[in-house]
Amino acid sequence: MAVNKVPVLKRCRSLGLEPSYLGYDKKSNRELKRANKKVSEYGLQLREKQKAKFIYGVLEKPFRNYYEKADRMRGMTGSNLMTILESRLDNVIFRLGFARTRREARQVVDHKFVTVNGKLVNIPSYLVKAGDVIEINEKHKNIQRMKDIMEVTGGRLVPEWLDVDTEKLQGVVKELPSREVIDVPVDEMLIVELYSK
């Protein structure tokens, strides 16, 4: 399995991203050197795609598949793509506050901590649907790791399309998110332009 091992702050700096979108509190003090370089149209489109891939932790091939799926759906391709990315199980775990970062959320799912509608799911790319009940399974609820995570993420704002019960470590997907409620700094229209060439 391919793993992205690029240092997070370095990658954030090169993409012009705030580390807080990934769940990191750290800040980079270094400045980007290429401040006055003119970026081509293709360069802008590529950077937006790389931003989306990096934020959600998706590699090129699955990202392309998501784009093709979004293109086949009704409505705007860009908005559909963002909705698909946002409804990945690892992202939903991060949004519910059951993990400090998206990378940790991926690990929580991988290590069989999560059930969806009572069934164990260990696939981070699993797409949730409206009405799904996502829960940390019983034997992992009281371990120290989950207590530490909940301590850190307790005050985090949960998006309105999700409902969370922090006592039971359970969340419900009320509806799939629309583009307006997704607070990710990505211009999805540039991604659509890049892929539709």
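Mentor: Arg-106 is partly exposed, at 26% relative accessibility, whereas Asp-90 is buried at 3% (buried means under 20% relative accessible area, exposed over 50%, partly exposed in between, with a 1.4 Å probe and protein chains only). This is a predicted model, in which local features need pLDDT of at least 70 and side-chain atom pairs count only at pLDDT 80 or more, while totals for chains, interfaces and linings use all residues. Residues are numbered from 1 along each chain as its sequence is written, and side-chain values use heavy atoms, with hydrogens and water left out.

The side chains of Arg-106 and Asp-90 form a salt bridge at 3.7 Å, N to O (a side-chain nitrogen of Lys or Arg within 4 Å of a carboxyl oxygen of Asp or Glu). Arg-106 belongs to helix H6 (residues 102-110) and Asp-90 to helix H5, so the pair ties together parts 16 residues apart in sequence (helices are DSSP runs of H or I with at least four residues, strands are E runs of at least two, and both are numbered from the N terminus).

Arg-95 pairs with Asp-183 in a salt bridge of 3.1 Å, N to O. Arg-95 is in helix H5 and Asp-183 is in the loop between strand S5 (170-173) and helix H9 (188-195), so this pair ties together parts 88 residues apart in sequence. Arg-95 is buried at 11% relative accessibility, and Asp-183 is partly exposed at 46%.

In total, the structure holds 13 salt bridges.
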